[in-house]
Amino acid sequence: MDIQTKLSYFQIDESVKTTLRDARPFLLEVLPDVLKSFYDFVTTHPESREKFQGKKIDRLIAVQSSHWGKLFSGDFDEEYLQTSLAIGRVHEKIGITPYLYIGGYNFVQKRLTSLVIQRFGKKGEQCAQILNAINASILLDMELALTSYADASNNQSANDFANDLLDDNISLSIAVNEVSVGNASMMKSLDDISLQIQSVAGAVQQLTAGVSSIRP
Ligand code: HEM
């Protein structure tokens, strides 16, 4: 599905994009603290901490920060789409389950919501617009990540299915082979039996001939 169709369904139109662009300086200003507390949370929570063993957190903060920056630029273009799908694939590959992933978005979304209310709370309508724009873009981003999870695991299922078929085919070939070996030895036995019958018949014939030659 193309990005325009998704934007339409998530109701991310020009006014939402403009809201995001206007709020972007503020969002970029608070992002470092939000991400710092995000990594403090996920690297210490018992559900997620083992995923970060041996990872360079400063690098993760930098790459994640650039992703949020792109998201809040309101440019939901092909580059953004491909990056989001690729990020989803990275997480799927290293075993970040949707449960861990969505819980992570929940953390960031909660923080941003509180900060936006602190800053824009007195401007009711503007505050609501910013929150709606952030929520829609976070949900779209999450959807893209999870779609790439599903694609990756469908590919895995397709691979498993193809492997199962291959295994079945190999088993079938082995079985057919065994049957034909069995058939061959059965044919050989039948051949042997027929030879034996022929030689018995020959002996009987000779015997009969012998008997008639000694008859007076
Ligand atoms: C909240 C939304 C999240 C976003 C936007 C996000 C974004 C990113 C990005 C951009 C990368 C770098 C990918 C790359 O190297 O190409 C990354 C890597 C990583 N993320 Fe996330 N992430 C999120 C949530 C999470 C959560 C909840 C966890 C764990 C519970 C997690 C664990 C990791 C790990 C372990 C890596 C390192 C992958 C590696 O280099 O092997 N992420 N993330």
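Helices in these views are DSSP runs of H or I at least four residues long, strands are E runs of at least two, and both are numbered from the N terminus. This is a predicted model: local features need pLDDT of at least 70, side-chain atom pairs count only at pLDDT 80 or more, and totals for chains, interfaces and linings use all residues. Residues are numbered from 1 along each chain as its sequence is written, and side-chain values use heavy atoms, with hydrogens and water left out.

**View 1. The protein chain comes to 6 helices and 0 strands.** Follow the sequence and you read off α-α-α-α-α-α. Out of 216 residues in the protein chain, 29% count as buried (under 20% relative accessible area; over 50% is exposed and anything in between is partly exposed, using a 1.4 Å probe and protein chains only).

**View 2. Lys-55, Arg-59 and His-91 each put a polar side-chain atom by the ligand.** Start with Lys-55: an N or O atom in its side chain is 2.8 Å from an oxygen atom of the ligand. Arg-59 also goes for a ligand oxygen, with a polar side-chain atom 2.9 Å away. His-91 instead faces a nitrogen atom of the ligand, and a polar atom of the His-91 side chain lies 2.8 Å from that nitrogen.

**View 3. A shell of 19 residues surrounds the ligand.** The closest are Lys-55, Arg-59, His-91, Leu-100 and Tyr-101. Which helix gives the largest share of the shell? That's helix 3, with 5 residues. Sorted by type, the shell splits into 11 nonpolar, 5 polar and 3 charged residues (nonpolar is Ala, Val, Leu, Ile, Met, Phe, Trp, Tyr, Cys and Pro; charged is Asp, Glu, Lys and Arg; the others, Gly among them, are polar).

**View 4. Helix 5 spans 32 Å from its first C-alpha to its last.** With 23 residues, helix 5 comes close to the 33 Å expected at 1.5 Å a residue (that is, 1.5 Å times one less than the number of residues). Its buried residues include Gly-104, Tyr-105, Phe-107, Val-108 and Gln-109. Leu-100 and Tyr-101 are among the buried residues of helix 5 too, and both turn up in the list of residues closest to the ligand.

**View 5. Tyr-99 in helix 5 pairs up with Glu-47.** Their side chains make a polar contact at 2.7 Å (a pair of N or O atoms within 3.5 Å; within protein, one must be able to donate a hydrogen and the other to accept it, and residues adjacent in sequence count only if both atoms are side-chain atoms). The two residues are 52 apart in sequence, with their C-alpha atoms 9.8 Å apart in space. Buried or exposed: what is Tyr-99? Tyr-99 counts as exposed because its relative accessibility is 56%.

**View 6. Lys-110 and Arg-111 sit side by side in the numbering of helix 5.** Lys-110 counts as exposed, at 57% relative accessibility, while Arg-111 is partly exposed, at 39%. Look across from Lys-110 to Val-34: they're 76 residues apart in sequence but 9.8 Å apart in space, C-alpha to C-alpha. Arg-111 and Leu-31 are 80 residues apart in sequence, and their C-alpha atoms are 9.6 Å apart.

**View 7. Gln-11 has a positive phi, near 55°.** Most residues other than glycine have a negative phi. You'll find Gln-11 in the loop between helix 1 (3-9) and helix 2 (14-44). Gln-11 is exposed, with a relative accessible area of 65%.

Methods. A residue is near a molecule or strand if one of its heavy atoms lies within 4 Å of it.
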